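Me: I would like to learn how to read salt bridges and overall shape in a protein model. Could you take me through one case step by step?

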Amino acid sequence: MPESSGVREVKSAARTVALLELLATRGDRPARLDELAEELDVPRSSMYQLLQTLVDRGWVRSDTTGSLYGIGIRALLTGTSYLDSDPHVRVVRPYLDEASDALGETIHLARLDGPDVVYLATRESHEYLRTISRVGRRIPAHAGALGKALLAERPDDELTVPEGALTALTENTHTERAALLADLAVVRKRGYSVDREETVTGIAGFGFALRYDSPATDAISCSVPVARLSDAHEARVVAVMRETRTKIESALPPASASGTPDWR
């Protein structure tokens with residue numbers, strides 16, 4: 001079994017986490033027992049026992065026939081607790097409101113998690129409302145403004161992106177490492193990242209790493225429909241977001257100076 005810091009992995013715990021993560025990635029597509037057993041390479045009888053235990057405890061839910069499984073409400077409670085207990089998220093939220101009010105655009109806060117970024121908070125534009133909240137969702141770090149802002153804070157040989165071809169979310173997403181590295185070099189020089197329809201067709205994004213950690217793990221971004229992105233509006237977005245980053249970094253000293261746990 002793999003080891004971390006000299007401690008052997010607990011197989012049953014690892015299997016439980018893998019199952020919950022798999023169900024979470026499926027979203028509104030429930031899974032059958034056989035699918036889950038095959039995907040995780042677990043005996044069908046063992047998977048059934050694990051599922052029933054998690055259903056009883058609310059971490060997994062099943063339909064009335066008992067043949068379909070999905071993520072349960074306990075996962076939501078745990079995720080909400082993560083957001084509520086994170087000191088950075090609590091401090092950043094009012095500044096997201098301020099930036100959204102100033103620009104009339106959608107503002108995000110996200111955190112780097114391996115090869116992806118996970119949305120922690122979003123303030124939606126009144127002109128471009130999404131029907132599904134982004135909070136808790138993840139996208140590949142190479143594919144958008146938030147991720148590129150954070151990747152640019154790291155040396156090229158320490159990037160948390162997969163080897164080989166990169167996943168494309170739109171026809172504009174970087175799919176080759178060389179193109180991504182060239183973009184990150186520009187981000188480092190400019191001080192912020194730009195996503196021109198790389199994550200969502202019709203949407204541009206501007207990302208700013210928050211440097212209260214080193215290397216930065218959190219970033220903020222502003223998303224703007226390209227149909228109303230004039231040169232003047234882009235310049236204002238960049239100016240407001242730069243100011244917002246400065247305010248957040250001033251309000252959030254490094255963990256070593258604030259006395260709060262340095263979560264990793």
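Me: Which kind of link do the side chains of Asp156 and Arg188 form?

Reply: In general, one looks for a side-chain nitrogen of Lys or Arg within 4 Å of a carboxyl oxygen of Asp or Glu. In this predicted model, the side chains of Asp156 and Arg188 meet in a salt bridge, with 2.9 Å from N to O. Asp156 sits in the loop between helix 6 (145-151) and helix 7 (177-190), while Arg188 belongs to helix 7 itself, so that the pair links distant parts of the chain, 32 residues apart.

Me: Where in the chain do Glu98 and Lys247 lie?

Reply: Here one reads the position of each partner in turn. Glu98 lies in helix 5 (residues 87-103) and Lys247 in helix 8 (residues 231-251), so their pairing ties together parts that are 149 residues apart in sequence. Their side chains form a salt bridge with an N to O distance of 2.4 Å. Glu98 is partly exposed at 39% relative accessible area, and Lys247 is partly exposed at 30%.

Me: What does Asp34 pair with?

Reply: Asp34 forms a salt bridge with Arg44, and the closest N and O atoms are 2.6 Å apart. Asp34 is partly exposed, its relative accessible area being 47%.

Me: How many salt bridges does the structure hold, and which residues are linked in a network?

Reply: The structure holds 15 salt bridges, and a network of them links Asp86, Arg111 and Asp218.

Me: How many helices and strands does the protein have, and how compact is it for its length?

Reply: The protein has nine helices and 11 strands. Its radius of gyration is 20 Å, close to the 18 Å that the globule rule gives for 264 residues, so the protein is as compact as a globular protein of that length. Along its principal axes, the C-alpha trace spans about 60 × 40 × 40 Å, and of the 264 residues, 42% count as buried.

Notes. Residues are numbered from 1 along each chain as its sequence is written. This is a predicted model: local features need pLDDT of at least 70, side-chain atom pairs count only at pLDDT 80 or more; totals for chains, interfaces and linings use all residues. Side-chain values use heavy atoms; hydrogens and water are left out. Helices (H or I, at least four residues) and strands (E, at least two) are DSSP runs, numbered from the N terminus. The radius of gyration is taken over C-alpha atoms; the globule rule is 2.2 Å times the number of residues to the power 0.38. Buried means under 20% relative accessible area, exposed over 50%, partly exposed in between (1.4 Å probe, protein chains only).
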